[in-house]
Amino acid sequence: MWPNSAWAGGGFLGIDHRVAYDNSGVWNRNIQSGVLYGTIASVGIGALAFGDHDQFGDTLWRSVDALAFTGVTTEAMKYAFQRERPSQTSNPDLFFRGTRAKSFPSGEVAAISAAVTPFMASYGEEHPAVYALALLPAYDAVARVKTRGHWQSDALVGAAVGVGFGIYASRRQSPLIISWLPGGFKIGFIHYFQ
């Protein structure tokens, strides 16, 4: 049975509203942080370990590129839009409120999306199970909304930014950051032990 009244959200997409606060169980902020930092550490350590010698190492470096581009972009957007978080207000339409307001977009959802997208682009067609990596940013998006760190549109735009840079990094001729290293510097200690 449908409820007697419809409820619309606010924000620029019309979907933003506060949800019941939940910082327990899997939504706990410590778990969210673990997923974020675990993702970043896995990509960074993996890139250094494998270098750019094979498809896996190349994909790791593309994730590094996507993470870097995404981090710079989301920070710039936060300073430009200055949106208040749901923990600061119940009104999702409050933009340009000063530099302490950094809700839009979600940098965490963007970062995790950026990290996993090159793997889905590189391996998804041959190994469809790789698409399950999309569960990581999806989890983080829901968790950030539940703990009132972000509005729903913050998470969606963050995911779009991360996926966009992940696709861009995947389609480049070669990873950008590794090309900046002096003299075509190749790293990857894993290959020295084979």
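Author: Start with a term: helices (H or I, at least four residues) and strands (E, at least two) are DSSP runs, numbered from the N terminus. This is a predicted model, where local features need pLDDT of at least 70, side-chain atom pairs count only at pLDDT 80 or more, and totals for chains, interfaces and linings use all residues. Residues are numbered from 1 along each chain as its sequence is written, and side-chain values use heavy atoms, with hydrogens and water left out.

Reader: ok, how many helices and strands are in the protein chain?

Author: The protein chain has 6 helices and 0 strands.

Reader: And how much of the chain is buried?

Author: Of its 194 residues, 44% are buried. Buried means under 20% relative accessible area, exposed means over 50%, and partly exposed is in between (1.4 Å probe, protein chains only).

Reader: What do helix 2 and helix 5 do where their axes cross?

Author: The axes of helix 2 (residues 55-81) and helix 5 (residues 152-171) come within 8 Å and cross at roughly 140°. Axes are lines fitted to C-alpha atoms, for helices over the stretch in contact, and angles run from 0 to 180 degrees between N-to-C directions.

Reader: Which residues meet there?

Author: From helix 2, they include R62, F69 and M77; from helix 5, they include V157, F165 and R171. Contact means heavy atoms within 4.5 Å.

Reader: New topic. How many salt bridges are there?

Author: The structure holds 6. A salt bridge is a side-chain nitrogen of Lys or Arg within 4 Å of a carboxyl oxygen of Asp or Glu.

Reader: Why would side chains pair like that?

Author: Side chains of opposite charge can pair when their charged atoms come close.

Reader: Where does D16 come in?

Author: D16 forms a salt bridge with R83, and the closest N and O atoms are 2.7 Å apart. This pair links distant parts of the chain, 67 residues apart: D16 lies in the segment before helix 1, and R83 in the loop between helix 2 and helix 3.

Reader: Is D16 buried or exposed?

Author: D16 counts as buried because its relative accessible area is 1%. R83 is buried too, at 0%. Together with D154, D16 and R83 are linked in a network of salt bridges.

Reader: What about E84 and R100?

Author: Their side chains meet in a salt bridge (2.9 Å, N to O). E84 is buried, at 6% relative accessible area, whereas R100 counts as exposed, at 55%.
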